[in-house]
Amino acid sequence: MGSIIFWGIIRLALTIAGVWMLYFYMDYGLWWAFGIVALYGIVLHPALIQYKLFEEENKEIIDFTLCSTCKYFDTTAVLCIKLDEHPTKNYLPCDGEAWEPKSYEDRYENKYQA
Ligand code: SF4
């Protein structure tokens, strides 16, 4: 998730710089339209695609591992916030020793966040 935000910021900075330079060479009305299309096409759309891929790649970890039922699991980052490590399908950072069940509120909130 962090890399999506990082590269999104990099693309945003480069796009703003590029669109700003084009300001001097384009008609003002066309420049605005081009800027909006460039922001969507270069920054927003790739970030959305990356996020969808991130969700697909981590779906099994988020839904079907021991961590997915643990209160220390952050589903948005696929991260164990207790050990600051990323669990995988075959790697459980605490080996199950630090597992604690999610509270009713945690389960209720996650059900409607997904
Ligand atoms: S404490 Fe253990 S079970 Fe809970 S999220 Fe971290 S690694 Fe997974």
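Lys59 and Asp63 lie 4 residues apart in helix H2, so about one helical turn separates them. The two form a salt bridge, with their closest N and O atoms 3.1 Å apart. This is a predicted model, in which local features need pLDDT of at least 70, side-chain atom pairs count only at pLDDT 80 or more, and totals for chains, interfaces and linings use all residues. Residues are numbered from 1 along each chain as its sequence is written, and side-chain values use heavy atoms, with hydrogens and water left out.

**Salt bridges**
- The count comes to 3 salt bridges (a side-chain nitrogen of Lys or Arg within 4 Å of a carboxyl oxygen of Asp or Glu).

**Nonpolar surface patch**
- Trp20, Tyr23, Phe24, Tyr25, Tyr28, Trp32 and Ile36 make a nonpolar surface patch of about 910 Å² (residues with over 30% relative accessible area and no salt bridge, nonpolar side chains being joined within 5 Å and like charges within 9 Å; areas come from the Shrake-Rupley method with a 1.4 Å probe, and for residues only the protein chains shown count as cover).
- Helix H2 (residues 28–64) gives the largest share of the patch, 3 residues, while Trp20 is in helix H1 (residues 2–22); helices are DSSP runs (H or I, at least four residues), numbered from the N terminus.

Definitions and conventions: Helix = DSSP H or I, 4+ residues; strand = E, 2+ residues; numbered from the N terminus.
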